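Please look over the sequence and the structure before reading on.

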Amino acid sequence: MAKSPKEEHPQKVFGWAARDSSGSLSPFHFSRRENADGDVTIKVLYCGVCHSDLHFVKNEWGITNYPIVPGHEMVGVVTKTGKSVTKFKEGDRVGVGVIVGSCNACETCQQDLENYCPKVIFTYNSHNHDKTKTYGGYSDMIVVDHCFVLRFPDNLPPDSGAPLLCAGITVYSPMKYYGMTEPGKHLGVAGLGGLGHIAVKIGKAFGLKVTVISTSPAKEDEAIKRLGADSFVVSTDPAQVKAAMGTMDYIIDTVAAVHALAPLIGLLKLNGKLVTVGLPNKPLELPIFPLVLGRKLVGGSDIGGIKETQEMLDFCAKHNITSEIELIKMDYINTAMERLAKSDVRYRFVIDVGNSLSQ
Amino acid sequence: MSNEQEHPRKAFGWAARDSSGVLSPFSFSRRESGEKDVTFKVLYCGICHSDLHMVKNEWGFSTYPLVPGHEIVGEVTEVGSNVQKFKVGDKVGVGCIVGACRSCDSCTDHLENYCPKQILTYSAKYYDGTTTYGGYSDIMVADEHFVLRIPDNLPLDCAAPLLCAGITTYSPLRYFGLDKPGMHVGVVGLGGLGHVAVKFAKAMGVKVTVISTSPNKEEEAVKHLGADSFLVSRDQDQMQAAIGTMDGIIDTVSAQHPLLPLIGLLKSHGKLVMVGAPEKPLELPVFPLLMGRKMVAGSGIGGMKETQEMINFAAKHNITADIEVIPIDYLNTAMERLAKADVRYRFVIDIGNTLKARS
């Protein structure tokens with residue numbers, strides 16, 4: 001008979017989990033493996049609340065395996081390292097993001113693209129090499145293969161830096177891959193939430209002109225004054241959209257709801273690139289004529305490999321880029337999830353795990 | 001002023017008068033050779049599927065009477081005083097465009113096909129405000145910048161379709177980097193565009209799989225065109241077996257069709273390039289795009305420099321279209337057969353021998 005989450009492994013762990021698709025989270029006792037030779041054990045200090053966490057706890061993508069402990073934007077401190085670990089030592093400040101393992105042998109892994117490995121192991125709702133379930137960062141500690149642990153730069157605050165582990169790499173990676181880093185070029189950021197606000201900051205750090213494209217006129221002031229965007233287009237205002245047609249070299253589309261692509265494609269210049277990093281749960285309508293007439297493309301991108309995630313953290317440290325956060329206690333999580341569903345957060349909740357997760 | 005009196009030089013061709021699309025003899029006129037113009041006697045003209053869309057006004061911007069034809073080849077009879085590149089007797093061709101602004105960024109980058117002021121070979125307005133008429137006619141007058149040289153070793157009749165079908169498939173193979181020996185590229189649809197795409201890709205050293213709804217095209221695809229393999233897109237087992245095997249796909253199908261199975265055929269980081277233009281939007285499944293960092297792009301013909309490069313490449317590798325030569329009187333029947341995809345793989349009108357002006 002399969003062992004219970006509490007008995008599966010030798011190390012006792014406490015966290016919060018969702019048990020069913022109501023998505024309601026509550027205290028959960030489980031266990032993690034002993035620290036193996038290649039492992040690092042981390043006391044979790046902070047964990048960002050990613051919109052994916054909400055999708056998963058409510059089983060919106062139909063792939064949730066309950067009970068689920070979400071959380072893949074963790075910053076913590078090393079408490080133990082295995083014999084073969086040289087990169088980290090006790091007391092180091094580290095991060096863990098969306099993936100904790102991969103096959104390590106395929107071409108994709110060899111190219112430092114572990115996130116695209118067909119056997120990638122996600123930080124939660126996935127299975128370890130030993131077939132036991134993975135549990136995420138809404139918990140007091142985690143044991144991770146050292147190859148999937150990030151060094152967290154000293155000058156980045158651990159609370160507002162935590163969301164970089166998912167939101168940060170999710171927008172940084174496509175900006176590099178699709179060549180959206182030429183100073184002076186014009187980047188559109190569709191959606192001003194957890195992903196979008198970081199895309200604005202990183203875009204500005206690359207020397208780009210940045211326009212935020214949003215359905216909410218109320219966000220304009222913040223976008224420009226606080227985040228540094230150069231301009232703002234209300235996507236539901238036909239006059240504003242028309243005036244901006246054919247002006248953008250690239251667009252990062254962070255919107256997770258089903259939405260129209262046609263106006264965004266229209267905003268692109270010739271050879272323009274629209275990269276979607278949000279995950280609507282239904283297909284979108286793609287008009288082909290404008291792609292053909294303007295040699296435009298629509299691409300996807302999903303987080304990034306570990307090497308690139310480290311590069312992103314170092315880049316953010318250099319440019320002092322952190323997330324705008326609302327720090328919450330663990331027992332606020334269900335309210336936070338409700339507010340997140342209504343986009344009522346500027347712009348990421350971060351759980352103060354170290355100070356508020358108590359049994 | 002009537003079509004016959006508009007310009008000094010008498011011309012004769014076949015035109016559609018209304019959206020029934022029926023073509024019939026049509027007397028009109030063309031301008032005198034300006035100092036940069038090349039005049040040539042038309043010998044052959046390919047029938048592009050766009051001609052069918054246009055005679056029936058399926059895209060909504062046709063102007064009647066409409067003389068189609070943008071795969072035109074012939075022999076130079078006169079050159080303007082400032083023409084540098086051509087002389088009387090040269091074998092030349094004209095493709096989809098006969099004018100552009102010549103000063104915008106696109107034109108400067110040899111991408112006249114993306115110039116916002118490009119002038120189409122037919123059913124458009126020339127610089128002097130008069131209507132442009134295409135190659136289903138006895139003579140053509142075109143600015144030398146938009147005239148291509150046809151190398152001696154290419155037979156004129158089966159070279160004609162290269163001027164649209166050829167550049168439409170050659171350009172994206174180059175631009176999207178699907179031309180590297182050893183790569184695996186899929187070609188969806190085995191018609192006028194598709195069969196030329198197969199030949200170009202093979203000449204570039206690429207492994208080619210044809211993806212088609214018609215199982216009876218397999219033998220031709222493999223034995224005659226040189227494709228390495230063939231997938232029947234409605235056969236689930238075949239499609240399943242080919243999942244994640246292609247670096248790129250050139251999709252030539254202009255009818256509505258599902259993108260999801262094609263995206264599935266791509267390897268991670270793969271590119272689906274649309275060169276057929278379905279009228280209505282297609283469904284874009286976002287998950288697979290993200291999970292594999294894949295992209296869907298469009299491409300439309302090519303600039304003049306690249307079109308000449310393509311013709312020279314075709315001459316070097318002896319690539320021509322597979323054609324059915326028809327007399328002008330067969331035109332309406334050919335259009336009906338084209339609507340049913342009943343042609344292997346391009347009709348070419350023998351203008352030189354069968355188009356005679358009626359007195």
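Angles between elements run from 0 to 180 degrees and are taken between N-to-C directions, along lines fitted to C-alpha atoms. With that in mind, helix α4(A) lies across β10, β13 and β14 of chain A and also across β14 of chain B, and its direction is at about 150 degrees to β13(A). The model described here is predicted.

**The contact between the chains**

- Chain A contributes 33 residues to the contact, and chain B contributes 34 residues.
- Together the two chains bury about 3100 Å², of which 69% is on carbon and sulfur atoms.
- Between chain A and chain B there are 6 residue pairs in polar contact, counting pairs with both residues at pLDDT 80 or more.
- On the side of chain A that touches chain B, at least two residues come from each of α4 (167-177), β14 (268-276), β15 (284-286), α9 (289-294) and β16 (297-300).
- The largest share of that side, 5 residues, is supplied by α9(A).
- Sorted by class, that side of chain A holds 21 nonpolar, 8 polar and 4 charged residues.
- The number of salt bridges between chain A and chain B is 0.

**The sheet that spans both chains**

- Strands of a sheet pair through backbone hydrogen bonds, either parallel or antiparallel.
- An open sheet of 12 strands, with mixed pairing, runs in the order β12(A)-β11(A)-β10(A)-β13(A)-β14(A)-β16(A)-β16(B)-β14(B)-β13(B)-β10(B)-β11(B)-β12(B).
- β12 (231-234) of chain A and β12 (229-232) of chain B stand at the edges; each has a single partner strand, so one side of each is left without a neighbour in the sheet.
- On average, neighbouring strands of this sheet are turned by 20 degrees against each other, direction ignored.
- β16(A) is joined to β16 of chain B (residues 295-298) by 3 bridges, and these two strands run antiparallel.
- Within this pair, A:V298 has B:V296 as its bridge partner.
- In chain B, β13 (residues 246-251) and β14 (residues 266-274) run parallel and are joined by 5 bridges.
- The bridge partner of B:I250 in β14(B) is B:V273.

- β3 (residues 39-49) and β4 (residues 74-81) of chain A run antiparallel, with 7 bridges joining them.
- In β4(A), A:V77 is the bridge partner of A:K43.
- β4(A) also pairs with β5 (residues 93-96) of chain A in the antiparallel sense, over 4 bridges.
- There, A:V77 has A:R93 in β5(A) as its bridge partner.

Conventions: Residues are numbered from 1 along each chain as its sequence is written. Chains are lettered from A and ligands numbered from 1 in the order in which they are written. This is a predicted model: local features need pLDDT of at least 70, side-chain atom pairs count only at pLDDT 80 or more; totals for chains, interfaces and linings use all residues. Side-chain values use heavy atoms; hydrogens and water are left out. Contact means heavy atoms within 4.5 Å. Buried area is the accessible area (1.4 Å probe) that two parts lose on being put together, summed over both. A salt bridge is a side-chain nitrogen of Lys or Arg within 4 Å of a carboxyl oxygen of Asp or Glu. A polar contact is a pair of N or O atoms within 3.5 Å; within protein, one must be able to donate a hydrogen and the other to accept it, and residues adjacent in sequence count only if both atoms are side-chain atoms. Ala, Val, Leu, Ile, Met, Phe, Trp, Tyr, Cys and Pro count as nonpolar, Asp, Glu, Lys and Arg as charged, and the others, Gly among them, as polar. Two strands pair if DSSP finds at least two bridges between them.
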